[in-house]
Each structure stands twice: as structure tokens, then as C-alpha cells.
Amino acid sequence: MGKKALVSGASRGIGRAVAEVLARRGYDLYLTCRSREGQLLELKRKLEEEQGISCTAMLCNMGSYEEVCRLFEKIDRLDVLVNNAGISYVGLLSDMEVRQWEEIINTNLNSMFYTCSQAIPLMLKEQAGRIVNISSIWGRVGASMEVAYSAAKGGVDSFTRALAKELAPSHICVNALACGVIDTEMNACFSREERELLRAEIPADRFGRPEEAAEMVWQIIESPEYMTGQIIGLDGGW
């Protein structure tokens, strides 16, 4: 049987790049996004035609427990779970509405509980599995004007460490990739001047590429079972 992986937030950016890497390695895929159905279906067709894998593409709000449960009704086996779905909010905390705070926390943090609670029983049957959570450098140091995002990613890091200890006896590895500034649409909200200021702070003197994050995810998936509970930085030396 071929291996199967679920990648959330796969219509663009890091999620799309991860899907492409896994397809090249022969994984059958379950891909989700919240609203960009056209882009997701285009990716599904591309991967099936070019890589010869099976790909199921579904709209799913990963911040909704009910929608995640419906998603997993279609999944009978899972070897890899990549929790990539995420959204940001840039602005003063005092200007933030409660619904915006809840949306950030639901999508970036609560979604990991929703997916893992459904995926773990499938992995326990095989006594094997890999869970990779996409985190951020802001989860470690915090970002001004991004309090909710930073809080959620800090929660992702703690969630990762704790769940890894819980699942280690069952040979299921849980790790996180803490990204610096990756050149994706999520950062399109910044002006050219703001992007230049960000770039100037990075020792590598550039933003990271989604493809680099995806290759790092693959290395985490392929790493020895003894590596679990780790928050691995990918930030150009920031």
C-alpha cells in the first residue's frame, strides 16, 4: 500500500510546496484549503498527471471541529499529517475584534487539536506516523502588531513538545518547523519598505522560499524516530 499524507492549507505557499514534495516521493494525498477551490483543484490535477499519485482535494475550514470531523470521514489511513493551515492579523491588539482573535486561534492552534485528535487513532493502528506542525519564529520571540498570531504559534510549539511525549511510546513522531519570513502571499500585506526592513534584519539577506520549507518538512518526516518533540528553526540565521 502506498503511503498517505494530509496537508492542510495546500492551495498556495508552503502547503502547496509540501504537497508537491510529497507527491514526488509517491505519497497519495489529502489536500485542503478554506476557500481557494480553483487553485486546489488545479494542484490536484497537476500532481495526479505528473506524479501518478491519488489526490483528494477538499474545501475545509480547519478551524472548525465539525468540518475537520467530516474531512476525516473520507480518510481510512494516514501516515503523515502536516498541519500547515494558518492566517495572520497585523494590527494593534486594542483594535482587534473578538471574532478576529477567535479566528486566528481557531485556525492556527485549535485546528491542530482537531486534526490530531482524528489522526492519532489511525496512526495508533499502525504503531507509526509523522506529525509536522508549521510554526513560526514569532512563537518564540513574539511580534509587535501580531499578538494573536504569536500567541497561537507559541501554543503550537508547546502543543508539539507535549504531544510528542505522549505519542513517543507508540512510535509516532511530532515535530514543528518554525519558519522565519517565507516569501508567500501571507506577507503580501507588508509594503515594499517594510519588506526591505525585514530583509535587512536577516543574516541570509533574503526571505526564505516555500520550496525550502517544504524540503525541510520532508527531512523531518524522514528523520529517525528518535527525533521527536523538536521545534526546528528555518529562518536564515535571524
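User: Why is strand β5 (residues 129–136) called largely enclosed by the rest of the structure?

Analyst: This is a predicted model, in which local features need pLDDT of at least 70, side-chain atom pairs count only at pLDDT 80 or more, and totals for chains, interfaces and linings use all residues. Residues are numbered from 1 along each chain as its sequence is written, and side-chain values use heavy atoms, without hydrogens and water. Buried means under 20% relative accessible area, exposed over 50%, partly exposed in between (1.4 Å probe, protein chains only). Eight of the eight residues of β5 are buried, so the strand is called largely enclosed. Gly129, Ile131, Asn133 and Ser135 cover one side, and Arg130, Val132, Ile134 and Ser136 the other.

User: What makes β5 and strand β6 (residues 172–179) a pair?

Analyst: Strands, which are DSSP E runs of at least two residues numbered from the N terminus, pair if DSSP finds at least two bridges between them. Eight bridges join β5 to β6, and the two run parallel. In β6, Leu177 is the bridge partner of Ile134.

User: What joins strand β4 (residues 80–83) to β5?

Analyst: Four bridges do, again in parallel. Leu81 has Ile131 as its bridge partner in β5.

User: Which residues touch the most other members of the largest nonpolar core?

Analyst: A nonpolar core is a set of buried Ala, Val, Leu, Ile, Met, Phe, Trp, Tyr and Cys residues joined through side-chain atoms within 4.5 Å. The largest has 34 residues, and Leu22, Leu29, Leu31 and Leu177 touch the most other members. A second, separate core of 24 residues includes Leu71 and Phe72.
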